[in-house]
Amino acid sequence: MDPNRKITQSLPQSPESLWRDTTDLPAFPKLAEDISTDVAVVGGGITGITTAYLLSNAGYKVTLLEAGEILSGTTGFTSAKISAQHGLIYHHLIKHFGQEQARLYYRSNSEAMNWIQNTAEELEVSCGMKHEAAFLYADAEDHKTLKQLEEEYKAYEQLGLPGEWLDNVSIPLMASGAIKLPGQARFHPLQYLKGLLKVIQDKGGVIYEHTMMADKVEKNDKLTLFTEKDEHRITCRYAVSASHFPFYDGGALYFSRLHAERSYCLAIQPETDFEGGMYLSASEPTRSLRAVEWEGRNLVIVGGDNHKTGQGICTIGHYENLELFAGNLLGIKTIPYRWAAQDLITLDRVPYIGKISDNEEIYIATGFGKWGMTSGTLAAQIISDQIQRKDNPYTELYDPSRFKAGTSLKNFIVQNANVAKELVAGKVEIVHKKTTDLEADEGAVVFHDGKRVGAYKDPEGKLHLVDRTCTHMGCECEWNNGDRSWDCPCHGSRFSYDGEVLEGPASVPLTKLHE
């Protein structure tokens, strides 16, 4: 595939999240001084905002810090399903964690789902909350996945989950079997979280945007956090990393225990009525469906086509794959929105939530594996309980220091072998393109001034050159033409076309170059 293939006429020219475009979010200042607080929460997505909400309600002085704009990360680009049906997960959990822990996983996510619904009702937040069943299905003729789906349903039966086996589904999907889980939900995540932000402010919480944290912490009687380049200090009793990749990992090397995946969404106006329900394919490539209301019209969010970050060139092709799938299934009148999200997946597929170590008041929440609505909420509940010294029945299951030898060791070796391969490949890549070869709105790796560099020519014809060496661990970033960004294939850091950090673990921009 040509990584610079042009966007099709029916796809929007630029990626934009429906959630962000339809929510008038407040703006907050950049931190401009040293401050002191009870709890510093780093990360302005569902995990950070919910944590700040819970602790503000409990009487703590809370400061919420976001590197970019509030809700501009994964939460702002989710498909926004609230569900305890997380793909082919429960058979896996029984095998590697045991039945009791698998039940706890279901219970924790179900309780988080109910808490979201109850909180939205209590705060009288208008967020399009709809109760719907979730369906996990296998594609027709995919006998291997059908067998896995049958094993998953046996796990539901073992655990006593309220699932139902279906030989087919009512919408025109070519499916050979499905598991229906009733009583799940969908909503508008940013309208919901906007309601929580108001409560945080009403309770005295302070919020800062455009405040990038450095990866160091001083530990004395209290903790001292630093903004990038040591500009300002935040003194606190407790620090919570809700920033996707932990801004600080205490030497635990979480970047080696997580991998980043991109997935894609289209919001389409279908030609055929969509009767509702939330669908996810167990087969590859993944396909996801859910309805949403927009400007008096019923749209369908079509998602999937995931791949490891920086390793999915050509990225426009992933949007086109979803467009083809949606067109064949429902027909397409228009496509008002397209967007992509980035998620982190742990070695054993269970999030890392809790204290970094027993003797440190630093907490992390990461690795939600595309299920951040419930996982991010339960992470906030666990961490809030730990800070308040309350018992939580899910602490052990999500303990970030765990290591399941079987599945974790195998995945650790595979993932880090892949990182090593990508590190070498980027250094020896052969490049023939020059800056003069670029058209308007085109990016590529080019040979310039005797070396390989990243180049993007904007629609006005201005050239933006960067050293594409990732500032995290030195891998070479690849151009993502679908989202106009430089993506690292090793640990998932992403940078804008002119080098600014979009996603961690990198916290330092790419070096800008001159012609």
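1. There are 16 aromatic pairs in the structure, a pair being two rings of Phe, Tyr or Trp (its six-membered ring) with centres within 6.5 Å; planes under 30 degrees apart are stacked, over 60 edge-to-face, and the rest tilted. One of them joins Tyr 53 and Trp 115 edge-to-face, at 6.0 Å centre to centre with 75 degrees between the planes. Tyr 53 belongs to helix 2 (residues 46–57) and Trp 115 to helix 4 (residues 99–122), so the pair ties together parts that are 62 residues apart in sequence. Helices (H or I, at least four residues) and strands (E, at least two) are DSSP runs numbered from the N terminus. Tyr 53 and Trp 115 are both buried; buried means under 20% relative accessible area, exposed over 50%, and partly exposed in between (1.4 Å probe, protein chains only).

2. On provenance: this is a predicted model, in which local features need pLDDT of at least 70 and side-chain atom pairs count only at pLDDT 80 or more, while totals for chains, interfaces and linings use all residues. Residues are numbered from 1 along each chain as its sequence is written, and side-chain values use heavy atoms, with hydrogens and water left out.

3. Another ring pair, Tyr 153 with Trp 165, is tilted, with 5.8 Å between centres and 55 degrees between the planes. This pair links distant parts of the chain, twelve residues apart: Tyr 153 is in helix 5 (residues 143–159) and Trp 165 in strand 6 (residues 164–166). Tyr 153 counts as buried at 17% relative accessibility, whereas Trp 165 is partly exposed at 24%. Elsewhere, ring pairs connect Tyr 90, Tyr 105, Tyr 106, Tyr 156 and Tyr 398 into a cluster.

4. Two charged ends sit over rings, the criterion being NZ of Lys or CZ of Arg within 6 Å of the ring centre and within 35 degrees of the ring normal. Lys 216 has its charged end over the ring of Phe 226, 4.4 Å from the centre. For Arg 257 over Tyr 352 the distance is 4.6 Å.

5. The structure has 19 salt bridges, defined as a side-chain nitrogen of Lys or Arg within 4 Å of a carboxyl oxygen of Asp or Glu. In one of them, Glu 69 meets Arg 20 at 3.1 Å, N to O. Glu 69 is in the loop between strand 3 (62–65) and strand 4, and Arg 20 is in helix 1 (residues 18–21), so the bridge ties together parts 49 residues apart in sequence. Lys 198 and Asp 202 form a salt bridge with their closest N and O atoms 3.0 Å apart. These two are about one helical turn apart, because four residues separate them in helix 6 (residues 189–202). Lys 198 is exposed at 52% relative accessible area, and Asp 202 is exposed at 56%.

6. Glu 124, not a glycine, has a positive phi of about 55 degrees, and is exposed, with a relative accessible area of 71%. Arg 484, also not a glycine, has a positive phi of about 55 degrees, but counts as buried at 16% relative accessibility.

7. Lys 81, in strand 4 (residues 81–82), deserves a check. It is buried without a salt bridge, and the nearest side chain of opposite charge, Glu 132, is 8.9 Å away; Lys and Arg count as positive, Asp and Glu as negative, and His and the chain ends are not counted. The side chain of Lys 81 makes a polar contact with that of Ser 288 at 2.7 Å, and one of its polar atoms lies 2.9 Å from the backbone oxygen of Tyr 279. A polar contact is a pair of N or O atoms within 3.5 Å; within protein, one must be able to donate a hydrogen and the other to accept it, and residues adjacent in sequence count only if both atoms are side-chain atoms.

8. Gln 184 is in strand 7 (residues 175–186) and counts as buried at 2% relative accessibility. Its side chain makes a polar contact of 3.2 Å with that of Ser 83.
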